[in-house]
Amino acid sequence: MTASARGRRAVALHVATYTAIQTGAATALTRTFGYRVPPSAFLAGAAINGFTHAAIDRGALFLWLAKKAGQTGYIEHCQAVRLDKDDTPHKEINGPGTAWIELDAALHRVIGVGAAAVTTWLATRKGGRS
């Protein structure tokens, strides 16, 4: 298996489990509070979150957005220094302690709010309730 195939597989598993847990928790919470959200509304929000999550975590879309937003300097500047097995220091552009992680998390939050807005709109529009 190539590194790229392994990366796609890891992202797919991560996104599938994240989306399933998030959708299950949202369903449980809304039902606990007495709301009945149509499955189509939940699925729309989950699809938005899932597809964008996968695209962002693979990196190419994230770097393109960072370039468009003028944040590549921040990403290149705020890197982490880690030690190899032979104690040789090297820079990492992504991973804990980097600008990449902070911008990635912020982008996921923004998209999550948008997905929640779509879910809410679909659940509350006339004729959208089931």
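Predicted model: local features only at pLDDT ≥ 70, side-chain atom pairs only at ≥ 80, totals over all residues.

Residues are numbered from 1 along each chain as its sequence is written, and side-chain values use heavy atoms, with hydrogens and water left out.

H53 lies in helix α2, where helices are DSSP runs of H or I with at least four residues, numbered from the N terminus. What does H53 touch, leaving aside its neighbours within four places in sequence? H53 is in contact with H14, V15, Y18 and H108, contact meaning heavy atoms within 4.5 Å. With H14 there is also a side-chain to side-chain polar contact at 2.9 Å, that is, a pair of N or O atoms within 3.5 Å, of which, within protein, one must be able to donate a hydrogen and the other to accept it, and residues adjacent in sequence count only if both atoms are side-chain atoms.

Now to the helices themselves. Two packed helices are described by the angle between their axes and the distance between the axes. For α1 (residues 3-32) and α2 (residues 39-58), the axes come within 9 Å and cross at roughly 150°, the axes being lines fitted to C-alpha atoms over the stretch in contact, with angles running from 0 to 180 degrees between N-to-C directions. These two helices are therefore roughly antiparallel to each other, a term for angles over 145 degrees, whereas under 35 is roughly parallel, 65 to 115 roughly perpendicular and the rest oblique.

On the α1 side, T19 is likewise a buried residue, because its relative accessibility is 16%, and, not counting residues up to four places away in sequence, T19 touches A46 and G50.

How do α2 and α5 run relative to each other? The axes of α2 and α5 (residues 99-124) come within 8 Å and cross at roughly 160°, and α2 and α5 are therefore roughly antiparallel to each other. Among the residues of α2 that meet α5 are F42, I48 and H53, and the α5 residues in this contact include L107, H108 and I111.

Methods:
Buried < 20%, exposed > 50% of the residue type's maximum accessible area, 1.4 Å probe, protein only.
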